[in-house]
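User: I am new to this structure. Please show me how to read its features, step by step.

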Amino acid sequence: MKDWKNGAVGRPFIASFSGGKDSVLALYKGMQTGRAVGLIVMLEEEGKRSRSHGMPPKLIQAQADSIGLPVFTAAASWEGYESRFMGLLTRAKNQGAEVLVTGDLDVPAHGCWHERVSQNVGLGLGMPLWGMDHREAVQEFIDLGFTTIVVTVNLSLGMREEDLGRTLTHDYIKELEARGIDPCGEGGEFHTTVIDGPIFKQPIPVRKCRIRKEGVYAFLPLELNESVEFHS
């Protein structure tokens with residue numbers, strides 16, 4: 001029986017980090033029982049945006065600085081993604097990490113990609129959210145005092161352009177469920193960016209940019225608002 005939920009308990013870990021709510025909640029839970037040594041963020045091959053949530057490196061760095069952790073980044077195409085990711089895991093292991101922590105909720109017990117790549121470099125795997133009820137996970141996230149903004153929506157899965165820029169609240173989660181949308185967005189309905197919460201020393205000042213569309217997706221790009229004083 002795999003014990004991924006408790007894989008990071010009492011151990012130093014590197015966290016796979018998108019800047020969104022699931023990865024932040026997993027990081028928070030990991031930090032309650034283990035010791036974080038850094039964050040892994042994969043970038044698109046040009047290095048201008050994060051691979052998962054399309055965030056600029058300056059904003060990712062601001063999140064990491066507020067949390068107080070170093071960032072391990074690599075730019076990669078999809079073809080080179082796995083080898084570059086494993087390279088970052090090896091770096092983290094050399095700096096003391098024993099476990100990879102991820103924010104996955106619904107990974108199958110067999111054939112898990114994260115388990116395979118972590119085992120390949122000699123790391124354990126911790127998934128503090130694994131198997132959690134989706135509503136309970138997002139409710140806990142909100143109750144803990146985290147603030148997160150919807151930055152990507154899939155317009156073919158019930159989300160609307162007007163959802164972009166909204167903050168996750170209990171009322172908004174009820175509204176999404178009434179529209180038939182998973183409250184965690186686990187079907188790819190939406191992605192978020194976290195800008196404040198109990199592991200942040202200070203909120204991340206962001207500026208909302210012009211919405212852009214690409215196929216069935218609509219995006220609200222965020223940038224670090226450098227006109228607001230931010231102390232890392």
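Analyst: Begin with helices. Helices are DSSP runs of at least four residues, numbered from the N terminus. This is a predicted model. Ala-137 sits in helix H5, which covers residues 134-143.

User: Is Ala-137 buried or exposed?

Analyst: Check the relative accessible area. Buried means under 20%. Ala-137 has 2%, so Ala-137 is buried.

User: Which residues is Ala-137 in contact with, leaving aside neighbours within four places in sequence?

Analyst: Contact means heavy atoms within 4.5 Å. With those neighbours set aside, Ala-137 touches Leu-25, Leu-105, Met-132 and Cys-184.

User: Cys-184 came up as a contact of Ala-137. How many disulfides are in the whole structure?

Analyst: A disulfide is a covalent bond between the sulfur atoms of two cysteines. Searching the whole structure gives 0 disulfides.

User: Are Cys-112 and Cys-184 buried or exposed?

Analyst: Use the area test again. Cys-112 is buried, at 6% relative accessible area. Cys-184 is buried too, at 3%.

User: Now the whole chain. How many helices and strands are there?

Analyst: The protein chain has 6 helices and 11 strands. Its radius of gyration is 17 Å, close to the 17 Å from the globule rule for 232 residues, so the chain is as compact as a globular protein of that length. The C-alpha trace spans about 45 × 40 × 35 Å along its principal axes.

User: What share of the residues counts as buried?

Analyst: Of the 232 residues, 53% count as buried. The protein chain exposes about 10,600 Å². Carbon and sulfur atoms supply 47% of that area.

User: What share of the contacts joins residues at least 24 apart?

Analyst: Start from contacts between residues at least 6 apart in sequence. Of these, 69% join residues at least 24 apart.

User: How far apart are the mean positions of the positive and negative charges?

Analyst: Compare the two mean positions. The chain has 25 positive and 30 negative charges, and their mean positions are 4 Å apart.

Conventions:
Residues numbered from 1 in each chain as written. Predicted model: local features only at pLDDT ≥ 70, side-chain atom pairs only at ≥ 80, totals over all residues. Heavy atoms only, no water. Helix = DSSP H or I, 4+ residues; strand = E, 2+ residues; numbered from the N terminus. Buried < 20%, exposed > 50% of the residue type's maximum accessible area, 1.4 Å probe, protein only. Rg over C-alpha atoms; globule rule 2.2 N^0.38 Å. Areas by Shrake-Rupley, 256 points an atom, 1.4 Å probe, with all protein chains shown as cover. Lys, Arg positive; Asp, Glu negative; His and termini not counted. Charge placed at Lys NZ, Arg CZ, Asp CG, Glu CD. Disulfide = S-S within 2.5 Å.
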